[in-house]
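Have the sequence and the 3D view ready.

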Amino acid sequence: MATQPIETLAVNTVRTLSMDAVQQANSGHPGTPMAMAPVAYCLWQKFLRFDPQDPFWPNRDRFVLSMGHASMLLYSMLHLTGVKTVNRAYETLGQLSVTLDDIKRFR
């Protein structure tokens, strides 16, 4: 069995997580997350400046998706990059902002 480069494995992980969540919800279509996974991976790895431990870092870049079909792509990226949640007082709580259980309960 040939080994895959880490980039291929990461993109396929985003795709699989997105496909599974949409299938489990029995709602929506996984086409956009599957097609855009390489683009999202490239942006998040090479271009976006963010700190998953400090989601309110003032100089961070923002990643915004306006298409509902792509929401699972964003949730997958938030989960896999380990972005932490914050409370209403803007304090980091140290927990994932999107957990695997959140993804399992998608929709």
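The model is predicted, so local features need pLDDT of at least 70 and side-chain atom pairs count only at pLDDT 80 or more, while totals for chains, interfaces and linings use all residues. Residues are numbered from 1 along each chain as its sequence is written, and side-chain values use heavy atoms, leaving out hydrogens and water.

For α2 and α3 (residues 71–81), the packing angle is about 40°, and the axes are 10 Å apart. The crossing of α2 past α3 is right-handed. Where do they touch? Pro33, Met36, Ala37, Ala40, Tyr41 and Trp44 of α2 meet Met72, Leu73, Leu74, Met77, Leu78 and Thr81 of α3, with contact meaning heavy atoms within 4.5 Å. This contact holds 11 nonpolar residues, 1 polar and no charged.

Now turn to the other pair. Helix α1 (residues 6–25) packs on α2 (residues 31–47) at about 140°, with the axes 9 Å apart. These two helices are therefore oblique to each other as well, and α1 passes α2 in a right-handed crossing. From α1, the contact draws on Glu7, Ala10, Val11, Val14, Arg15, Ser18 and Met19, and from α2 on Pro33, Met34, Ala37, Pro38 and Tyr41. By class, 9 of these are nonpolar, 1 is polar and 2 are charged.

Terms used
Axes are lines fitted to C-alpha atoms, for helices over the stretch in contact, and angles run from 0 to 180 degrees between N-to-C directions. Helices (H or I, at least four residues) and strands (E, at least two) are DSSP runs, numbered from the N terminus. Angles under 35 degrees count as roughly parallel, over 145 as roughly antiparallel, 65 to 115 as roughly perpendicular and the rest as oblique. A crossing is left-handed if the near helix is turned anticlockwise from the far one by less than a right angle, and right-handed if clockwise. Ala, Val, Leu, Ile, Met, Phe, Trp, Tyr, Cys and Pro count as nonpolar, Asp, Glu, Lys and Arg as charged, and the others, Gly among them, as polar.
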